[in-house]
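Thank you all for coming; I would like to take a few minutes to walk through one model with you. Please have the sequence and the structure open while I talk.

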Amino acid sequence: ILTKMETFVWPIRVYYEDTDSGGVVYYANYLKFMERARTEWLRTRGFEQDALLRDRRLLFAVRRLEVDYHRPARFNDRLEVVSQVACAGRASLIFAQTIRRAGSTEILCRAQVKVACINAESFQACRMPQDLMREIIGDA
């Protein structure tokens with residue numbers, strides 16, 4: 001299923017706690033930045049993850065991740081996480097995400113993240129709600 005391919009940009013500031021002993025962002029923290037951006041992307045579409053769990057018994061879980069690191073970020077850098085749904089299936093989304101310096105095209109990190117919609121009781125994949133799908137793919 002094709003999507004609207006809208007780009008969502010979420011700003012991040014690098015804090016001291018995000019860096020390793022070499023003074024650069026610890027590699028796993030880029031994944032945290034991407035997770036926050038996906039949560040904010042969902043929130044801007046009117047869906048809160050705690051409400052999806054409470055009201056619909058749905059969770060989103062990372063199913064697959066492919067990441068490339070290009071350049072380091074350092075303490076106090078201003079970054080942007082750019083997120084786009086590259087593909088939407090009935091029970092999953094594939095996000096194309098990049099982290100770049102704010103106001104720049106310099107790519108620091110790039111990832112493709114497959115997220116599955118799962119039932120909170122069984123932890124089995126399940127269809128995404130129609131209202132969420134409409135928000136992702138539009139009227140297509």
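This is a predicted model: local features need pLDDT of at least 70, side-chain atom pairs count only at pLDDT 80 or more; totals for chains, interfaces and linings use all residues.

With which residue does Arg 64 form a salt bridge? The partner is Glu 66, and the closest N and O atoms of the two are 3.5 Å apart, where by salt bridge I mean a side-chain nitrogen of Lys or Arg within 4 Å of a carboxyl oxygen of Asp or Glu. Arg 64 counts as partly exposed at 48% relative accessibility, and Glu 66 likewise counts as partly exposed, at 44%. For these classes, buried is under 20% relative accessible area, exposed is over 50%, and partly exposed is in between, with a 1.4 Å probe and protein chains only.

Residues are numbered from 1 along each chain as its sequence is written, and side-chain values use heavy atoms, with hydrogens and water left out.

Let me turn to the overall architecture. The protein chain has three helices and five strands, which from the N terminus run in the order β-α-α-β-β-β-β-α; helices (H or I, at least four residues) and strands (E, at least two) are DSSP runs, numbered from the N terminus. The radius of gyration of the protein chain is 16 Å, close to the 14 Å that the globule rule gives for 140 residues, so the chain is as compact as a globular protein of that length. That radius is taken over C-alpha atoms, and the globule rule is 2.2 Å times the number of residues to the power 0.38. Along the principal axes, the C-alpha atoms fill a box of roughly 45 × 30 × 25 Å, and 39% of the 140 residues count as buried. If we take contacts between residues at least 6 apart in sequence, 68% of them join residues at least 24 apart, contact here meaning heavy atoms within 4.5 Å.

Now to the strand pairing, where two strands pair if DSSP finds at least two bridges between them. β2 and β5 pair in the antiparallel sense over 11 bridges, with Val 62 standing opposite Val 115 in β5. Strand β4, residues 92-101, also pairs with β5 in the antiparallel sense, over nine bridges, and there Phe 95 has Val 113 as its bridge partner in β5. The hairpin of β4 and β5 has five residues between the strands, and in this hairpin Gly 103 takes a positive phi near 75°.

Leaving aside neighbours within four places in sequence, Cys 109 is in contact with several residues, among them Tyr 30, Met 34, Asp 68 and Thr 98. The C-alpha atoms of Cys 109 and Asp 68 are separated by 5.8 Å, although these residues are 41 apart along the chain.

Some backbone angles deserve a careful look. Most residues other than glycine have a negative phi. Asn 76, however, has a positive phi of about 75°; Asn 76 is placed in the loop between β2 and β3 and is partly exposed, with a relative accessible area of 42%. Phe 123 has a positive phi of about 60°, lies in the loop between β5 and α3, and counts as exposed at 55% relative accessibility.

Finally, I come back to the charged pairs. The structure holds 12 salt bridges. One of them joins Arg 57 to Glu 121, with the closest N and O atoms 2.6 Å apart; Arg 57 lies in the loop between α2 and β2 and Glu 121 in the loop between β5 and α3, so the pair ties together parts that are 64 residues apart in sequence. Another is formed by Glu 80 and Arg 100, whose closest N and O atoms are 2.7 Å apart, and this pair links strand β3 with strand β4 across 20 residues of sequence. Glu 80 is buried, with a relative accessible area of 16%, whereas Arg 100 counts as partly exposed at 23%. Beyond these pairs, salt bridges that share partners join Arg 71, Asp 77, Arg 101 and Glu 106 into one network.
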